[in-house]
Amino acid sequence: MIRPNRISNRIRRLRFDHGEMTQEELAARAGCTRQTIIALEQGKYVPSIELAFKIAHAFGVSLEEVFQYEEY
Amino acid sequence: MSYWNYRIWKIVIVILVSVLVGWSIVYDNVLIPVPAMTVGIVVMWFLKKGVKEATLDERVFSVADKAAMFVFRIFILLASMAATTIFSLDRDNINLEQAGLTLAFSACILAMFYYLAFIYYNRKYGG
């Protein structure tokens, strides 16, 4: 049986850890809209690989530190 | 320019163009509508270029794709059902028959263009 998978993230935690970066600042660094950052933090949207890498690069960390793959 | 200011200017331009087009319709002026809409589009394009924040990204396109697919499917289904219903109602009523034909051909043409676009993008993305 195939179990549903889920991608979670620590974007909100990382924003606060990086000098309380605002959603707008992160959106500007990642080249996306603030609404997309909001949707990501709420777990309502799964980004493309390109956007995921851009967000990780904006924080200066690896991809796995931002996004986690969980299986139910 | 901030995105908020851009939205305000967009509303102003839309109102201005709408007023011009409406005035043209009332006074049967054929020279105003197309240039007015063209100038409005060009002005909005320049304004959007000056916006500092990102206004479109992959999520917006993803949402637009889903919305378009949903509307397309609903329209094809409803138009087909409406057309067949209209054809079975009263064949002697010219207006009903024209409405049914319009709906039927609209659904067919839309489906045909969707099929062609699907073939194009399928090949473009390695299908």
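The side chains of Glu50(A) and Lys54(A) meet in a salt bridge, with N and O 3.5 Å apart, where a salt bridge is a side-chain nitrogen of Lys or Arg within 4 Å of a carboxyl oxygen of Asp or Glu. Both residues lie in helix α4 (residues 49-59) of chain A, four residues apart, about one turn of the helix.

This is a predicted model, in which local features need pLDDT of at least 70 and side-chain atom pairs count only at pLDDT 80 or more, while totals for chains, interfaces and linings use all residues. Residues are numbered from 1 along each chain as its sequence is written, chains are lettered from A in the order in which they are written, and side-chain values use heavy atoms, leaving out hydrogens and water.

Over all chains, five salt bridges are found; among them are these pairs.

| Pair | Closest N and O atoms |
|---|---|
| Glu70(A) and Arg6(A) | 3.9 Å |
| Arg13(A) and Asp17(A) | 3.2 Å |

Across the interface of chain B and chain A, by contrast, the count of salt bridges is zero. Seven residues of chain B are in contact (heavy atoms within 4.5 Å) with 11 residues of chain A. The buried area, meaning the accessible area (1.4 Å probe) that two parts lose on being put together, summed over both, is about 680 Å², and carbon and sulfur atoms give 51% of it. Asp57(B), Glu58(B) and Arg59(B) supply 73% of the area that chain B buries against chain A, more than any other three residues.

How values were computed. Helix = DSSP H or I, 4+ residues; strand = E, 2+ residues; numbered from the N terminus.
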